[in-house]
Amino acid sequence: MPELSQETERGRAVAPFGLAEVTGPSMVPTLRHGDRLLLRYGGAVRPGDVVVLRHPFQQDLLVVKRAVERREGGWWVLGDNPYAGGDSTDYGVVPDELVLGKAYFRYRPRPVGQRSPLALARWALSAARPLLPDRSASRRLRAR
């Protein structure tokens, strides 16, 4: 995830929506490296929502995770890829003030060099999707 600039921080009061780019494998299969997200800053977060937050130990780094459960002191967040790490199993509960917003929509850019009509049709059908809450997230947490 790119770092928020000072202009983005100031612009949040005017524009409650923003864009972000996903880097890394922690949210596979829901999100892949290079996906773009439409997010709403300060949106109400519920269990199962995909959220953008500041890393608790490196606050200039933004991360995308799934809010699994409300706990004392904040949110327990997990990546959809259990093998990638970098979630609350590593750094614990994330305070509410570090949760910046909720992701509502995912756009997957067209891969470079993709020219066959069949590949373009498959991309067009899957390029843009809403990010729906995963209600099974809390069951996965209890199973760990």
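This is a predicted model: local features need pLDDT of at least 70, side-chain atom pairs count only at pLDDT 80 or more; totals for chains, interfaces and linings use all residues.
User: How many helices and strands are in the protein, and in what order do the elements run?

Analyst: The protein has four helices and seven strands. Starting at the N terminus, the order is α-β-β-β-β-β-α-β-α-β-α. Of its 144 residues, 41% count as buried.

User: Which aromatic pair does a search of the whole structure find?

Analyst: Two rings pair if their centres lie within 6.5 Å, and planes over 60 degrees apart count as edge-to-face. The search finds one aromatic pair. The ring centres of phenylalanine 57 and tyrosine 91 are 6.4 Å apart and the planes stand at 85°, so this pair is edge-to-face.

User: Where do phenylalanine 57 and tyrosine 91 lie?

Analyst: Phenylalanine 57 is in the loop between β3 (50-54) and β4 (62-71), while tyrosine 91 belongs to helix α2 (residues 88-91), so the pair ties together parts 34 residues apart in sequence.

User: Is each of the two residues buried or exposed?

Analyst: Buried means under 20% relative accessible area, and exposed means over 50%. Phenylalanine 57 has 64% and is exposed, whereas tyrosine 91 has 9% and counts as buried.

User: What sits over the ring of tryptophan 76?

Analyst: The charged end of arginine 71 does, 4.1 Å from the ring centre.

User: What volume does the largest pocket have, and which residues line it?

Analyst: Rolling a probe the size of a water molecule over the atoms shows where empty space is left. Here the largest pocket has a volume of about 150 Å³. It is lined by 14 residues, and Thr23, Gly24, Ser26, Val63 and Lys65 are the closest to its centre. The lining divides into eight nonpolar, five polar and one charged residue.

Note on methods
Residues are numbered from 1 along each chain as its sequence is written. Side-chain values use heavy atoms; hydrogens and water are left out. Rings of Phe, Tyr and Trp (its six-membered ring) pair if their centres lie within 6.5 Å; planes under 30 degrees apart count as stacked, over 60 as edge-to-face and the rest as tilted. Helices (H or I, at least four residues) and strands (E, at least two) are DSSP runs, numbered from the N terminus. Buried means under 20% relative accessible area, exposed over 50%, partly exposed in between (1.4 Å probe, protein chains only). A charge sits over a ring if NZ of Lys or CZ of Arg is within 6 Å of the ring centre and within 35 degrees of the ring normal. On a 1 Å grid over the protein atoms alone, a cavity is a set of points where a 1.4 Å probe fits but cannot get out, and a pocket is an open set with protein on both sides within 12 Å along at least five of seven lines; lining residues have an atom within 4 Å of a point. Grid points are joined across faces, edges and corners, and a volume is the space filled by probe spheres set on the points. Ala, Val, Leu, Ile, Met, Phe, Trp, Tyr, Cys and Pro count as nonpolar, Asp, Glu, Lys and Arg as charged, and the others, Gly among them, as polar.
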